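Walk me through this protein's side chains.

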Amino acid sequence: MPRRFISFLIVPEGHSKSVRFKLSFLTVRLLVGAVGFLLLFVIVLSVFHGKLLYEVIAGKSLKQENEKLKRYNAKVVELERELGDYKRFVERVAQLAGVEYQARTQTQLASYSEGMDFLDSQEVSFLVEEEIDSTLAPDSVAPQTHSAGRIPTGVPIEGWITQGFSMNLPEFGTQHPGVDFAAKTGTEIKATADGRVILVVWDDIYGKLVAVDHENGYTTYYGHNSKILVNLGDAVRRGQVIALSGNTGRSSAPHLHYEIRKDDVPVDPEGFLGQP
């Protein structure tokens with residue numbers, strides 16, 4: 001079978017002599033295949049190089065974030081140490097002065113007890129139990145101290161849990177001794193047990209904060225409110241609306257921070273969230 005060829009004619013401008021040459025069909029096919037293979041190789045190499053470059057950039061970014069977290073954790077640890085030294089110094093001074101000293105843990109909520117900046121005492125209302133008139137109207141008298149109505153039970157707000165209870169988060173140098181419920185601003189917040197309002201305060205961390213003492217060792221805290229509907233010393237019933245949810249204090253979105261404390265020690269609210 002005779003070989004077939006493809007002829008090429010190149011005619012330059014002017015009076016230059018034209019160039020004519022021919023290639024066999026086999027040679028043309030080989031050239032086309034080589035060019036196609038080269039293009040495919042360049043595309044694959046570009047994709048691989050781009051992926052490798054992205055991984056290098058992402059690795060550098062993660063390394064930088066890790067270094068920032070390490071520096072932040074070191075600062076928190078140093079702050080905790082300094083606060084511990086300060087507390088021991090105050091206790092020593094009180095001892096030398098013959099003064100009985102006790103930290104005001106009633107307002108130092110456990111999740112930020114090592115870093116809260118409270119307002120001056122003139123701007124904060126504290127409850128002194130002896131100063132409250134125990135003679136209340138019949139419809140506001142709470143049940144006996146140890147009745148079931150004084151055990152915090154049920155959920156305080158209609159919402160969904162976005163963060164649970166944890167007292168051990170060493171990687172962030174902090175704790176979360178309560179439960180966060182996400183809810184739109186203005187959602188009703190209800191007391192989870194009978195008791196008496198012992199705290200109505202603005203706090204730099206918890207914003208508008210209200211606390212209820214259930215007079216059996218249990219105390220509940222409700223933080224980040226937009227509005228508080230009860231006053232210091234009020235007797236409240238389980239299910240009574242005491243505040244409206246909000247985004248006050250150190251908060252990135254509207255929610256309720258709910259805490260339960262037993263003898264001033266935070267306990268996990270999860271076991272108390274069942275319906276009464």
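**Salt bridges, rings and a buried histidine**

D264 is partly exposed, with a relative accessible area of 28%; that class lies between buried, under 20%, and exposed, over 50%, using a 1.4 Å probe and protein chains only. This is a predicted model: local features need pLDDT of at least 70 and side-chain atom pairs count only at pLDDT 80 or more, while totals for chains, interfaces and linings use all residues. Residues are numbered from 1 along each chain as its sequence is written, and side-chain values use heavy atoms, with hydrogens and water left out.

Stay with D264. Its side chain forms a salt bridge with R261, and the closest N and O atoms are 3.2 Å apart. A salt bridge here is a side-chain nitrogen of Lys or Arg within 4 Å of a carboxyl oxygen of Asp or Glu. R261 is buried, at 4% relative accessible area.

Which residue pairs with K262? The side chain of D263 meets the side chain of K262 in a salt bridge, 3.5 Å from N to O. D263 is exposed, with a relative accessible area of 54%. K262 counts as partly exposed, at 27%. Elsewhere, salt bridges that share partners join R150, R196 and E215 into one network.

Most residues other than glycine have a negative phi. D263 is found in the loop between β14 and β15. Strands are DSSP runs of E with at least two residues, helices are runs of H or I with at least four, and both are numbered from the N terminus.

One more salt bridge sits in a helix. E78 pairs with R81, and the closest N and O atoms are 2.5 Å apart. Why can these two be described as a turn apart? They are 3 residues apart in helix α1 (residues 25-97), so about one helical turn separates them. E78 is partly exposed, at 33% relative accessibility. R81 is partly exposed too, at 44%. By the salt-bridge rule the count comes to 5.

Now turn to the rings. How many aromatic pairs does a search of the whole structure find? It finds 2 aromatic pairs. Rings of Phe, Tyr and Trp (its six-membered ring) pair if their centres lie within 6.5 Å; planes under 30 degrees apart count as stacked, over 60 as edge-to-face and the rest as tilted.

Y218 and F272 form an edge-to-face pair, 5.8 Å centre to centre with 70° between the planes. This pair links distant parts of the chain: Y218 lies in strand β11 (residues 218-228), F272 in the segment after β15 (265-267), and they are 54 residues apart. Y218 is buried, at 14% relative accessible area. F272 is buried as well, at 18%.

Y222 and Y258 form a tilted pair, 5.5 Å centre to centre with 40° between the planes. Y222 lies in strand β11 and Y258 in strand β14, so the pair ties together parts that are 36 residues apart in sequence. Y222 is buried, and so is Y258.

Finish at H257. It is found in strand β14 (residues 255-262). Is H257 buried or exposed? H257 is buried, with a relative accessible area of 4%. Its side chain makes a polar contact with the side chain of Y206, at 3.1 Å. A polar contact is a pair of N or O atoms within 3.5 Å; within protein, one must be able to donate a hydrogen and the other to accept it, and residues adjacent in sequence count only if both atoms are side-chain atoms. The side chain of H257 makes another polar contact with the side chain of H176, at 3.4 Å.

H257 also touches other residues, among them D180, Y222 and H224, not counting residues up to four places away in sequence. Contact means heavy atoms within 4.5 Å. H224 lies in strand β11 and counts as buried, at 5% relative accessibility. H224 has a positive phi of about 70° although it is not a glycine.
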